[in-house]
Structure formats: structure tokens, C-alpha cells
Amino acid sequence: MTLTNQSGPYNIYSYFVGYNPPTSINPNPIFPKIKRTALLSPFTFVVGDVTIRDHTYVGPFVSIRADEGTPFYIDRDCNLQDGVILHGLKNKHVEVNGEKYSIHIGPRVSCAHGSLIHGPCRIHQDVFVGFKASVYNAQVGEGSFISTDAVVTGGVTLKPHSFVPPGAHIDSQAKADTLSPVPKTEEEFAKEVQRVNQEFPSSYSLLFGKTRCSCGLSY
């Protein structure tokens, strides 16, 4: 059967936004806190103690699952592109301003298609996490660039503006300390990705509906 609609797209979008299921690991069900100006794309999955701040774009098939490690914090003006996964290990945290988080993502962070952000980790502002890259048990300094298929793990801390080359495996502090600054070309690329994705929350809202729930859904 062919679907046609002369007046615009069909509203067949589906989401799941809800409490984490009570378990022995995480017994207290908590509903996500999502700002009205953030945007959840179709087929997103968000559960548990998750905070998503203003003007953040969450792409299709993103999974933000605070059912084990918790809580998660995603600051304003971020973009989590198609297929990004956020999850965390139980009882493993980073500390930010005296508070414990499984995952803490600062403002204006771009997580490109298919990347994995696994707690415990902290990603500071203006970081680019590349296609299919992984960050686990690490702290990533402001303005860093993690390239396609790279892995950052092992409890390392990347200094600000570190460049992780494509496919690199940064699993010791010695490796992290030898990283070069972000090349100008990659810095400009990250800025352009951020600029483009910042238009999506307001633009897609015109398609999905102007009335916004505090949970991030449009109707």
C-alpha cells in the first residue's frame, strides 16, 4: 500500500519516555526531566533520572537508559544524533560541583551517529564525539575532538582541546597526555555540526506539533 498525504507528513511517531523499572540495583522509579525547548525525535527511548536542558536535539533511535547507572545530565544546546546510546554502570560516578552523576554532558556537545557514551564519564562543553566512537570511564576536556571509531576509556582525563585520531584507543593516561591539539579543520567541522543541529529543535517542532509536554513530546 502506498501512503500519500497532500497536507504534510503522517503523524505516526512513537516514543518511550518513562520511569526506570524498580530493581534491586535501582529501586526508586524517577521520571526524566526534559525542558520544553528540547526536542525528542521519533523512536527515542528515555528512562529514569535523566535531565535534558534547553534546545538540546535528540535524534531518532537514541537510547538514554538510566536504569542502572544514574543520574544522567545533558546540558543545553547539545545534539545526540541518530542511534546514540547512553548507559551507565551501577554505583560508578563522576563528581561535578559536589554532585554525583553516572553521565554528565556539558553544553554544546555533539555526539555523532552511532556513538556510545557509557558512565561513569564526564564530557565537558564544546566536545565533538565522532561517528561510532566510544567514551567510557573517562573525563573529556573542553573543546576536545574524538574522531570516528575512536575509544576513550581506562579512567583517563583528556586535557582541553585534545584531538583523538580516527580509530585510536586511548586507554591510559600516558596515551591521553601525548594527544595533539585539535586541528583547525576539525575544529571548524565541529562548529558547523553544532550550528546545523541547533536549528533542528525549533524546525522539527513545526512538523511534530507546537504543543510541547514537559517530558519533551510534541502533540
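Predicted model: local features only at pLDDT ≥ 70, side-chain atom pairs only at ≥ 80, totals over all residues.

Which residue in β21 is the bridge partner of Phe145? It is Phe163. Residues are numbered from 1 along each chain as its sequence is written, and side-chain values use heavy atoms, with hydrogens and water left out.

That bridge belongs to the parallel pairing of β18 (residues 145-146) with β21 (residues 162-164), which runs over two bridges; strands here are DSSP runs of E of at least two residues, helices are runs of H or I of at least four, both numbered from the N terminus, and two strands pair if DSSP finds at least two bridges between them. Both strands sit in an open sheet of eight strands with mixed pairing, ordered β3-β6-β9-β14-β16-β18-β21-β23, and its edge strands, β3 (39-40) and β23 (180-181), each pair on one side only.

Turning to the rings, Phe145 and Phe163 are linked with Phe128 and Phe189 into a cluster by ring pairs, where rings of Phe, Tyr and Trp (its six-membered ring) pair if their centres lie within 6.5 Å, and planes under 30 degrees apart count as stacked, over 60 as edge-to-face and the rest as tilted. The whole structure holds 11 aromatic pairs. One of them is the stacked pair of Phe16 and Phe45, at 5.2 Å centre to centre and 20 degrees between the planes.
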